[in-house]
Each structure stands twice: as C-alpha cells, then as structure tokens.
Amino acid sequence: MTEGGPPFLPYGCQTVEEDDIAAVAEALRSGWLTTGPLVGRFEAEFAKTVQAPHAVVCANGTAALHLAMMALGIGPGDAVCVPALTFLATANCATYVGAEVAFADVDAATGLMTPESFRAVLDGPRGARVRAVIPVHLNGQAADMAGIAALARQRGIRVVEDACHALGTEGIGACSHSDMAVFSLHAVKTITAGEGGVVSTRDPALAEALARLRSHGMVRDAARFESAELAMAADGGANPWYYEMPEPGFNYRLPDINCALALSQLGKLDRFLARRADLVGRYDTLLAPLAPKLLPMARAGGSGAVGWHLYAARFDFDAIGHDRAAVMKALAGRGIGTQVHYLPVHLQPWYRKRNPDLALPGALAYYRHCLSLPLFPSLTDADQDRVVAALAEVLA
C-alpha cells in the first residue's frame, strides 16, 4: 500500500483464491504432508494439459533444470548452449553437473534465442563439445523450436526447453521438438504451487530417471537390484525394507500440500491465461500514444496462442532523459512496481571470468531497453489504467 493512496501494484504476484486455500487445508487434514497421492494426480493432470505422456514434479524450476541435465548424462567435458538473456538457473544447471556453458545471443527485440544464434555457437570454439541446448521461451513467447531442433538433430544434441515463462503457450510442453520441457510453479508464474517445478517428456526412460533422481537416486524395483545377497529374502522375494542407489540423486521432491495448491490452480489455467491475454492487448493499445519513448512488447512472429507471463515494454531511456533506475523509482513512488528481466547471464561475475571477451550485442540491446510492467490475473482494468497514467507522467 502506498502511503495514503491505492494499493501498490507489483510487476507480478500470485492469484490465490478461497478454493485454493480450501484445497491446501484438505491436504493438511489428509495425513499426507510430503510425497502422497496428490503428487501423482497433479503429474497426470499436468501431462494432460501440456499434451505430453509424462510429467515429473519436483521442488522448483531450478531443480527441474538440474534433473534434466542429470537425466541426459551431461557432465564434465560437455558444453550446454544457453541464451544469455534468461534467469541464472538456465545456465547454472549446466554448471551444477560440471559442464561448460556456451552462451548464445538473442534477438534484440524479442530476447529470444534463434536458430542463427545457436548456429553461431556450434560454429564457435565450444561447438564441438555442445551436447545439449536449452532454448528459453521468454515472457511467454516461444523460441523457434523447429529451427533449433533441426540444427540439434544434425549434430546429435539433446534439446531441453526452458518453458518456465510459457505454460499455456500453444505447443509448449508437448515436446514435439525436444527431449524435455521444464516449467516453474513459483509464486509469480501463471499457476503456482508456492514453489515447484515440472518436467514434461515423451520418453519413458527419461521420466523414470527424473523421478528416481529427485528422490536420492533410490531404486525399489527388484528387477533392477544389483546385490541379490542383500536384496532377497529366504522366500525368494525382495526384502520389504530394501532399496538401492545405483547413482546419487537429490531430495528434490515436492510435498502433497504444494501439489494440492498446484492442482487447484491448474483448474483455473484457462481463466488465468485469458485474463493475461486481455491485459496484454489493453497494454498494446494504451501504451501506443507513448511511442517512441516507450514501445509495446515486440512480438516473436510465431503462430498460436501465447501464455503471457511478463509484459516487458521497450523504453528509450535516452529520449526520456532519465535512466532506468530513476524511472523505476518514480513509478514506485506512484505505487507501480516494475522489474528487469534480465541482466544477461554472461555478464555475471562467475561467467564473465570464464568468458572475458564474449560480446553478445543482441542480449545487451534487449537488456538496455526492457522493463516489465504489472501483469497478473487479479490486475483490474482500473489498476492497469493507473499503470499507464503513471507511465505517461513519468515519461513526460
């Protein structure tokens, strides 16, 4: 709440309603707090929603990316191609498994990795070591998966979609052009579990590996036991307490109480997506008079519905006469929250030391002009009008 004024509008927030709260309360009364029946129910419903045969839920989107790298066997000596314009986790998941990160540039208007920027990495000094590529669907708009996947297939490279911004975007999650797609259930995403992540795939072996690795790498299937002396009872069956760990995993499980919230939210996905699309359309219209100091979000040019996560407008801060920090502070003073998505990851100290001479002009150009405006289903038309009016004041 701004002092003496209307409520502060963040750039994004969860929309949690009474039936969501009731679903969590019911889960709390069920006797299951950690892994229980709601995990499988949510996985089945999510898989149906994104039209993939398998979905594996885990602790968060970062864990989902990490599990995807482990399931593919990515490790030391390998390189993973990642667009520079993304959140830290997309690159860090490769670092976690000991692989190098090969950063790709992005389109300066949309922030999306392209087949051309992927090819530039493959033709570069790390190209021969690239074993996986992680295209990022930014703000809800999808990268050119057909084009990127075609290049990857030519060189035997595995494809993992970072779809953490793109639940509900047409075709995303079905894995028609990828091995896996990774989603986030963080509080500001299209639906939330409080925290959570999901990996969808068409490959049953990958689904099995993901599920095993999220739970310490434990195996309870007697057909896979390696130590018969320890595993088997006198009657020829497996000892009921027994499990094995053929390789170490992590505790990346998601509790039933989180899945209860996620299940309830999933039932509202179409409504949430429709409201986000309405708000994006209104922004496009309402912001048009503020050009050229502010331009509506650039469109990627693909076909199909977009599951909008962020509305990242493009600001000409030189023409405005104030830098981005000053604009953000002025908007905050009027009760409007904004955010930058993202500082290019190759400029972070850890990666800059490893890529000191890397120049990616597209990522830098996008970063210099982007600013995300409030976008969430409970944002009213009047709230949005407040945002646009505040922008007009600040830009004037």
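Predicted model: local features only at pLDDT ≥ 70, side-chain atom pairs only at ≥ 80, totals over all residues.
Trainee: Which residue does D284 form a salt bridge with?
Mentor: R299. The closest N and O atoms are 2.2 Å apart. D284 sits in helix α10 (residues 269–287), and R299 in the loop between β8 (294–295) and β9 (311–315). They are 15 residues apart. R299 is partly exposed too, at 38% relative accessibility.

Trainee: How many salt bridges does the count come to?
Mentor: The count comes to 19. One of them joins the side chains of R214 and E43, at 2.8 Å, N to O. R214 is in the loop between α7 (204–213) and α8 (228–231), while E43 is in helix α2 (residues 37–50). That pair is 171 residues apart.

Trainee: Are those two buried or exposed?
Mentor: R214 is buried, at 13% relative accessible area. E43 is buried as well, at 13%.

Trainee: Which residues are linked in a network?
Mentor: E17, D19, D20, K268 and R271, through salt bridges.

Trainee: What is the lining made of?
Mentor: 13 nonpolar residues, 13 polar and three charged. Helices α3 (61–71) and α4 (88–96) each supply at least two of the lining residues.

Key. Residues numbered from 1 in each chain as written. Heavy atoms only, no water. Helix = DSSP H or I, 4+ residues; strand = E, 2+ residues; numbered from the N terminus. Nonpolar A, V, L, I, M, F, W, Y, C, P; charged D, E, K, R; others polar. Salt bridge = Lys/Arg side-chain N within 4 Å of Asp/Glu carboxyl O. Buried < 20%, exposed > 50% of the residue type's maximum accessible area, 1.4 Å probe, protein only.
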